[in-house]
Structures are given as C-alpha cells and as structure tokens.
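Hi there,

Here is the structure I promised to pass on. Have a look at it first, and my notes follow below.

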Amino acid sequence: MFDSIRTQLTLWFTGVLAFVLIVFAIAAYLFLGYTIRLQTDQTLLEISNILISGIQSEQADSDGEKNISDRVNIDAIREALDNLRFRNYQIFVFDTQGKLLAADNQTPAENGLTDERATELAADFSNSPPESPFSTLTVKESEFRIFAKKKFDGQNFAVIIAHPLDDEDELLDNFQTILFICVPLVLILAGFGGYFLARKTLSPVAQMSETASKISATNLHARLPVKNKKDELGSLATVFNSLLTRLDESFEQQKRFMADASHELRTPLAIVRGEAEVALSKEDRPNAELRESLGIVEDEGKRLTRIVEDIFTLARVDSGQLQANISEIYLDELLADCVRKVRVLAEKRNVSLDLSAPEELPMRGDEQLLQRLFVNLLDNAIKYNRSGGSVSVAAEKTDGKYQITITDSGAGIPADEQTKIFERFYRADKARSRSSETTTSGAGLGLSIAQWIAKTHHAELELLRSDETGSVFSVVFSI
C-alpha cells in the first residue's frame, strides 16, 4: 500500500500540511495570548491614568489643601474611586508608609484580592520595586494581572490595580480546544482530498503504464496517450513516444536489413550451388568447363566475401564497436593511393581518371576508413559511367575546409531516387552492380558506409548534382 505513489504523495502532502497547521496554530495561540495580555496592560494603565486625573480633579474642588494625610484629600481619593466603577478591576491606594487609604473592589471577595493581600503586595513593591509596573500574581490557583506604581507626577501615594485573568484564560482555553478539534479535522479532509487529487493527477500515468505494458516488438507502432503536452507527464509521454518511434524505426531498419542481406546473399549462393551441381552432374567433363565453373564460383565467393565484410562493418557501426583510429595524415597522398587502386578498373571500363590536388593537405583522420570512403565513391563513379567516359577528383582548401569533389560523366541518378542513394542495399542499376569488376560488394552498402565514415570525421558527404551529364559528389572536411 505504501509503495503506491498516490499514497506517498498523500502522506507527504498531509505531513507538510500538518506541520504548517501546527506551526500556524502555535503562532496563533501565542499571538492571541500576547494580544490579550497587551490589551489588559493597556487597560490597567488607562485606569491608573483616569484614577490620577480623577484624584487631581477632586483635590482641585477641595479647599486647596495638598497634604495627602488630610481628611479632605483622602475623601478626594475615595470620591475618585467611587466615580470609576470598573468591573473585574480592583483598585487600591496606599500612602507612602504602605497604609491602605482607599479601595474600590468590584470583584467578589472569593474571586479577588483581599485588602490584606493587597497591603502585603504594597509592602513587597515598596521594599523591592519591580522593573516593570506590570506583573502576574497567582492567588488560590487564580491568576491576576497587577499594575503597581509608587510615584506619580505631583503625587506621593501608591496605586495597585488588580485584574483577574479568568476570562482571558477561558478564552485561550476555548481557542485551544477549537484548534485541537479543527486541525485534525482539516488534516483528515485534506488527506482524502489529497488522495483524490493525487489519483486524478496520476491517472495519466496509470493509462501510460497500461498502454506501455501492451507494447512489444510486434506493435511498436502503438503510442502512449498524451493529454497535455505542456505539463510534466505530457512531456514524459512525448519523450517516451519519441523513444518508441526510434525503436520502431530501428526494428524496421533491422528487418529490412536482414531481408535485404538475405536477398543479396541468396543470389551468389544460388550461383555457387548451381555451378557446383552442373560440375558434379557429369563424371567426364572437360577441364575447360570445370575451370570455367570454378572461375564463376571464385568470383561469386569474392563477391560473397565483400558483402559479408560490408554487412559486418555496418553491424559493428550499429553496435558502436567500430571506432576510428585518428592520426596525422596527408589527404593529397591518400587520394593519390585511392586513384591508383581503382585505375585498373577504370582502364577495363575505358574510363579516364584524373586527380587534381594541392601538394600538401595535412589533417587528422583514420587512413583506412578514409581510403574506403573514397574508393567506394570512385568505384561507383567508374561502375556507373559510360565507356569512354571520365572521372575527375579535385581537392581544394577554402575557408579552413578541405573540399573533395568526385565528378563522373555517367547517365546520372533519376531525380526520384536521389534521396535514397545513402540507404542500405539501394542500387541505382541492379544489373550492373552485380559485375565482378568492382572493388565493393555491389550490394548497395558502399554509400551507407561512406556516409558513416564522413560523419565519424565530422565531414559532410552529399550529392551536389546528378543529371544526364553525370553526377558530382562532395566531401567537405573541417580543419
């Protein structure tokens, strides 16, 4: 159950929300308590200011006597207290010796401070004055907020104001109870909602998983459903579909490769078997006929060898096992060697061969692979040429690049087939490509191998032109 992503997301969501709610609840509880305490202190301070103003007003109405011990001034204090009447606030006024002069007690005796306890507080405050006029006092398991001040401007009496915190504590307790009820309830609702949202959000994943489980080598054309290409799941499905497309193309390519390879191997094998059967069908055959049959078998064997070598080369290319052995070489010398290798073939077909290259074209590359590239191009240029035609090889250096062009005077490649010439097993002239007078396999793999060699050397191999006047291939190396 806990292995499910939906469950894990729900637990994570609920856990994070629980942490946020707990922090919020604690902060709200502390802030509410601080606000209530601050308001209580402000009220106590305001009451003290009102009391002093009242006393001063009552004294002004008296006969002008300013001595606090006078009867009139005590009456002024009591008169001021009688005019206040604050509920749940106890006010005590003391002289400088700590004697209680007057008290206004609107709180029941069982819930408030007694005169004796207030007198004790006055004595304590007189002996060790606190840094702040506000303090909290616990009496009979009840808390009181106390305001005590000994000196006022122009006055010489002390005031103690006490306020029971029962209402404030009850409010905080109620708020705490609400938090204890609401936070778990919110978490439960959020858990169900989070699970529903996770299930709804991950439903495309379930659909993709179901579709992917049905995809095999026989139905690689199937694709995962994509509801929204812009979100993460849509992007994942798109990438996976691209992977399936590449796999499908790779499988199709492998199928075509196997089919084409089987087809290319079938013909020379059939010829070899046929010649062998003919040679063995009669006991007394002339030596000339036997030598002719063996010659045909030898030619087809050579062709089979070249086809197998090309197939093996492409197989190593596809598997990444064939790596270029890069070293310092001279491209002009390499082109000259390639021209010498195919000159005999050109003479047999009555094709002139010409090379034009600067004296030195240094570069880094794999000499054997580059020779194979140019030999394949030259072999095609000669093989598909006309009798008496020509093949020219030109090399030049321009803008930090080497450009080698191979031009022939053949019949050209049909326009609708020019895009296929680099495909494996493609042959423009199937009848002529089977000739034994060639340095390649004749199976339509030469240009595919040449293109891979060019890409390995970060070069561009392309057909520049092909019409009735001939074809022009170009290889451009960056140096």
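In what order do the five strands of the open sheet lie? They run β7-β9-β10-β12-β11, and the pairing is mixed. Please keep in mind that this is a predicted model. At the edges sit β7 (352-356) and β11 (460-467), each of which pairs on one side only. From one strand to the next, the twist averages 15°.

Let's walk across part of the sheet. β7 and β9 are parallel partners, joined over five bridges; here Leu355 has Val393 in β9 as its bridge partner. On to the next pair: β9 (residues 390-398) and β10 (residues 401-408) are antiparallel, with eight bridges.

The protein chain has an average pLDDT of 81, and 87% of the residues score at least 70. Residues 65-72 stay under 50, and the model gives this stretch 14 contacts beyond four places in sequence. Residues 430-434 are also below 50, with 13 contacts in the model beyond near neighbours in sequence.

Best wishes

Key: Residues are numbered from 1 along each chain as its sequence is written. This is a predicted model: local features need pLDDT of at least 70, side-chain atom pairs count only at pLDDT 80 or more; totals for chains, interfaces and linings use all residues. Side-chain values use heavy atoms; hydrogens and water are left out. pLDDT is the predictor's confidence in each residue, from 0 to 100. Contact means heavy atoms within 4.5 Å. Two strands pair if DSSP finds at least two bridges between them. Helices (H or I, at least four residues) and strands (E, at least two) are DSSP runs, numbered from the N terminus. Axes are lines fitted to C-alpha atoms, for helices over the stretch in contact, and angles run from 0 to 180 degrees between N-to-C directions.
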